[in-house]
Amino acid sequence: QVQLVESGGGSVQPVGSLRLSCAASGYTYSVTWMGWFRQAPGKEREGVATIYTTGIRTFYADSVKGRFTISQDNAKNTVYLQMNSLKPEDAAMYYCAAGRETPRLWAGYIAPPDFGYWGQGTQVTVSS
């Protein structure tokens, strides 16, 4: 089992920034990919970014490219999502996820079925 705990959410004005953190514990050696997803009310959960646990590969949804950065600190078993130039449409519950290696992840798919472990989420609100 892998446990994931997100933090860092909050309320920010448009064009502001937030950094989300995801602390992993448990059998973290069993997972090789980490990801961030988000879900707004009435919408499906969508992928935001993924990172291979050595950090050599990252993927981003088109909607966040150039604004969001996923990174990790393996010494702390923590993954981060730096979010800059936030827009109202970025408002959502953000979830951290962990998954084992699959060809789809290496191909750049950012989809919930590829991740077996999930955190409880942290809320991000963007409004003036």
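How many positive and negative side chains does the protein chain have, and how far apart do the centres of the two sets lie? There are 11 positive and 9 negative side chains, and their centres are 2 Å apart. Please keep in mind throughout that this is a predicted model.

**Stop 1: the whole chain**

Display the protein chain as a cartoon. It contains 1 helix and 11 strands. Followed from the N terminus, the elements run β-β-β-β-β-β-β-β-β-α-β-β. The radius of gyration is 13 Å, close to the 14 Å that the globule rule gives for 128 residues, so the chain is as compact as a globular protein of that length.

Of the 128 residues, 45% count as buried. Among the contacts with a separation of 6 or more, 59% are between residues 24 or more positions apart.

**Stop 2: Ser-17 and Leu-18**

Select Ser-17, which lies in the loop between strand S2 (10-12) and strand S3 (18-26). Is Ser-17 buried or partly exposed? Its relative accessible area is 38%, and it is therefore partly exposed. Show the side chains around it. The side chain of Ser-17 makes a polar contact with that of Asn-84, at 2.9 Å. Beyond its neighbours within four places in sequence, Ser-17 is in contact with Val-12, Gln-82, Met-83, Asn-84, Ser-85 and Leu-86.

Move on to Leu-18, which is found in strand S3. With a relative accessible area of 15%, Leu-18 is buried, because a residue under 20% is counted in that way. Setting aside residues up to four places away in sequence, Leu-18 touches several residues, including Gly-8, Val-12, Leu-81, Met-83 and Val-124. Leu-18 and Trp-118 are 100 residues apart along the chain, and their C-alpha atoms are separated by 20 Å.

**Stop 3**

Most residues other than glycine have a negative phi. Asn-77 is placed in the loop between strand S7 (68-73) and strand S8 (78-83). With a relative accessible area of 34%, Asn-77 is partly exposed.

Select Ser-85 next, in the loop between S8 and strand S9 (92-99). Ser-85 likewise is not a glycine and has a positive phi of about 50°. At 39% relative accessibility, Ser-85 counts as partly exposed.

**Stop 4: Ser-30 and Trp-33**

Select Ser-30, which lies in the loop between S3 and strand S4 (33-39). Is Ser-30 buried or exposed? Ser-30 is buried, with a relative accessible area of 18%. Display Val-2 and Arg-100 too: Ser-30 is in contact with both, leaving aside its neighbours within four places in sequence.

Continue to Trp-33, which lies in strand S4. Its relative accessibility is 0%, so Trp-33 counts as buried. Bring Ser-85 back into view and draw a distance between the C-alpha atoms. Trp-33 and Ser-85 are 52 residues apart in sequence and 26 Å apart in space.

**Stop 5: Thr-122**

Finish with Thr-122, found in strand S11 (residues 122-126). At 10% relative accessibility, Thr-122 counts as buried. What does the side chain of Thr-122 reach? It reaches the backbone nitrogen of Gly-9, at 3.1 Å. Colour the residues that Thr-122 touches, not counting those up to four places away in sequence: Glu-6, Ser-7, Gly-8, Gly-9, Leu-20, Ala-92, Met-93 and Tyr-94.

Terms used. Residues numbered from 1 in each chain as written. Predicted model: local features only at pLDDT ≥ 70, side-chain atom pairs only at ≥ 80, totals over all residues. Heavy atoms only, no water. Helix = DSSP H or I, 4+ residues; strand = E, 2+ residues; numbered from the N terminus. Buried < 20%, exposed > 50% of the residue type's maximum accessible area, 1.4 Å probe, protein only. Polar contact = N/O pair within 3.5 Å; in protein donor to acceptor, adjacent residues only side chain to side chain. Contact = heavy atoms within 4.5 Å. Rg over C-alpha atoms; globule rule 2.2 N^0.38 Å. Lys, Arg positive; Asp, Glu negative; His and termini not counted. Charge placed at Lys NZ, Arg CZ, Asp CG, Glu CD.
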